[in-house]
Amino acid sequence: MGKRLYDIDNPPPLGEVPEQMHAWLIRPERFGEPVHSFKQEVVDVPEIRDDEVLVYVMAAGVNYNNVWAATGVPQDVVAARRKVGETEPFHIGGSDASGVVYKVGAKVSNLVVGDEVVIHCGTWSADCPIARSGADPTYSPTFRTWGYETNWGSFAQFTRVQAHQCLPRPRHLSWASSGSYMLVGASAYRMLAGWGRHAVRPNDVVLCWGGAGGLGSMAIQIASAMGGVPIAVVSSDDKVEYCERLGAKGCINRKRFGHWGILPHWKDQAGYAKWRAEARAFGEAIWEILGERRNPRIVFEHPGESTIPTSIYVCQRGGMVVICAGTTGYNATVDLRYLWTRQKRLQGSHFANDDQARALNELVAAKRVDPCTSEVFSWDDLAQAHQLMRENRHPYGNMAILVGAHAVEASVPVEARDSVPEVTYRQPRLELTPGETHPHRTLVSEAMHEGLITCSVDAKLAEVARLLLDNRIHAAVVTKDDTAIGVVSQTDLVLARQGRSRQQAAALTAGDVMTPDPLTCEPDMLLTDAVTLMARQGIHRLFVTRPENPNVPVGVLSFTDILKRIARPT
Ligand SMILES: NC(=O)c1ccc[n+]([C@@H]2O[C@H](COP(=O)([O-])OP(=O)(O)OC[C@H]3O[C@@H](n4cnc5c(N)ncnc54)[C@H](OP(=O)(O)O)[C@@H]3O)[C@@H](O)[C@H]2O)c1
């Protein structure tokens with residue numbers, strides 16, 4: 001008779017399924033920063049259905065989707081599952097894994113106990129008419145991402161998966177590396193190979209955003225394997241060598257440009273002209289790398305709101321911008337003139353089907369695509385790994401967590417790369433030549449309001465509301481250890497009450513609802529540029545910082561301040 005529960009570094013004998021298992025759980029009452037919302041607990045091992053298998057997890061991959069799950073934004077994954085009849089009050093995430101099959105369902109014919117597998121995260125009902133018709137099952141309304149939209153993901157000793165999700169584990173890889181690449185790899189494969197006449201062709205230029213990230217590192221390699229010419233976008237020069245080693249012809253550091261975010265309104269002629277000049281300069285940076293005036297036929301997108309206007313602008317006539325996420329926001333603005341007159345395609349893409357996951361796995365098995373596993377974390381560091389990802393401070397490529405493989409791989413050294421330095425948006429300083437006769441030379445310093453009203457990151461919402469009302473202000477700066485880390489506005493407070501009970505809203509703090517990393521400007525920025533920046537970002541104020549102390553705002557510039565200046569008697 002076996003044990004009821006096995007330690008994390010002590011695998012049960014092959015095929016023996018204990019009653020209980022260790023797992024990292026997210027519960028709705030803890031939604032928030034990943035370091036707080038993930039907690040280790042012991043739960044019952046789930047039963048499997050006839051078309052499913054139970055896999056003993058050796059290693060799990062870290063993906064952005066479980067950063068979303070931990071925060072409860074953009075959706076409460078537990079509540080979403082309740083709507084489809086699943087009653088567990090918790091979420092066990094994890095959408096990538098390597099492991100060993102421990103139990104097979106009655107109707108499973110392609111796997112036996114003992115098979116070593118990697119798992120892709122696409123699930124659907126085999127009874128759905130779309131899946132039964134032989135059409136792409138990712139179009140099925142039953143399509144759900146295992147370990148994000150379904151429970152019982154890989155952040156546990158056992159995971160429950162549909163048999164078709166399992167693929168042979170590439171034998172040249174460690175368990176950790178085998179468990180790290182499938183979600184981003186198969187998603188990138190579909191984006192680059194799955195869209196008919198817009199599949200990458202030899203010599204096509206492919207612009208890959210976030211080249212050193214999980215998706216981007218896969219995209220560079222896949223585009224290269226298909227004969228394309230990948231060009232990567234990164235946020236610091238230290239990522240350049242990494243991307244070039246993966247096959248990028250060259251890299252563009254996006255920090256050299258400042259035109260990101262929602263397009264200036266086409267009626268804002270000054271702002272629009274400036275945006276177009278920067279977008280054109282970004283396009284010229286692509287030509288410079290290529291040594292010829294050729295635009296990308298495929299733009300590999302996932303940042304979304306910040307970058308889509310540029311992606312559409314630089315895409316070749318008749319080319320495609322293919323997008324699978326909106327990490328920076330969902331309100332993408334498109335100058336339709338470039339889309340229709342130049343006949344470009346904006347294509348959504350979501351994970352992959354079995355054939356695409358298999359094709360990607362074969363590229364990995366053939367050593368044509370490297371999993372790019374940059375750091376392997378121990379079981380106890382799972383929440384911390386997600387926190388790093390939330391803060392864009394995680395290492396390049398993909399991360400893995402040792403689960404059952406702890407015993408065999410914990411002491412294997414993995415090259416740990418330097419963390420990406422934290423970056424904040426900063427508008428380039430504008431130089432004014434003495435005596436210049438620019439019609440709009442008013443500076444931010446002439447219109448701004450000196451001084452700020454602040455609240456602590458831990459302040460409860462009622463306290464923040466009182467602060468705003470008593471001081472007749474629309475927003476306050478949120479501080480932690482005397483450093484400004486966000487801004488909380490009346491809008492944030494009102495939205496926090498939407499869909500929540502009074503008690504749920506009362507438990508929230510300024511840190512839960514604030515907008516992190518508020519946009520800043522410097523006192524000598526031109527007021528006209530500040531207006532364009534605010535209008536494009538859809539915000540009502542900028543915090544003013546001095547270059548010598550960029551973390552501590554000294555004042556605020558709001559539309560009200562600007563209106564007061566415009567309306568003052570001449
Ligand atoms: N739907 C799907 O099938 C699917 C599949 C996989 C992933 N996703 C989603 O895709 C997104 C990226 O996933 P990932 O695993 O690649 O994450 P990741 O490893 O964090 O990489 C994202 C990269 O985006 C870049 N980035 C961050 N902020 C940016 C900005 N403001 N403008 C331009 N680039 C920015 C960063 O590179 P630099 O700072 O160097 O530019 C970062 O390396 C996530 O939202 C994830 O949920 C969707």
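Here is a short exchange about a predicted model, covering backbone geometry, a helix pair and a sheet.

Colleague: Which residue does the cis peptide bond join to Val73?
Modeller: Most peptide bonds are trans. Here omega is about 5°, and the bond is cis.

Colleague: Is Cys372 buried or exposed?
Modeller: Cys372 is found in the loop between α12 (354-365) and β16 (373-377). Its phi is positive, about 60°, although Cys372 is not a glycine. The cut-off for burial is 20 or more other C-beta atoms within 10 Å. Cys372 has 25 C-beta neighbours inside 10 Å, so it counts as buried.

Colleague: And how does Asn392 count, with its C-beta neighbours inside 10 Å?
Modeller: Asn392 is in the loop between α13 (382-390) and β17 (398-402). Asn392 also is not a glycine, yet has a positive phi of about 50°. A residue is exposed at 12 or fewer neighbours and buried at 20 or more. Asn392 has 15, so it counts as partly exposed.

Colleague: How are α9 and α20 oriented, roughly parallel or roughly perpendicular?
Modeller: Two packed helices are described by the angle and the distance between their axes. The axes of α9 (residues 269-290) and α20 (residues 527-537) come within 10 Å and cross at roughly 80°. Angles of 65 to 115 degrees count as roughly perpendicular. Therefore α9 is, relative to α20, roughly perpendicular.

Colleague: Which residues of α20 make the contact with α9?
Modeller: By class, the contact has two nonpolar, three polar and two charged residues. From α9 come Ala270, Gly271 and Lys274. From α20 come Thr528, Thr532, Ala535 and Arg536.

Colleague: Which residue of β20 stands opposite Cys455?
Modeller: Strands of a sheet pair through backbone hydrogen bonds, either parallel or antiparallel. β19 and β20 (residues 475-480) run parallel, joined by three bridges. Opposite Cys455 stands Val478.

Methods:
Residues numbered from 1 in each chain as written. Predicted model: local features only at pLDDT ≥ 70, side-chain atom pairs only at ≥ 80, totals over all residues. Axes fitted to C-alpha atoms, helices over the stretch in contact; angles between N-to-C directions. Helix = DSSP H or I, 4+ residues; strand = E, 2+ residues; numbered from the N terminus. Parallel < 35°, antiparallel > 145°, perpendicular 65-115°, else oblique. Contact = placed C-beta atoms within 7 Å. Nonpolar A, V, L, I, M, F, W, Y, C, P; charged D, E, K, R; others polar. Pairing = 2+ DSSP bridges.
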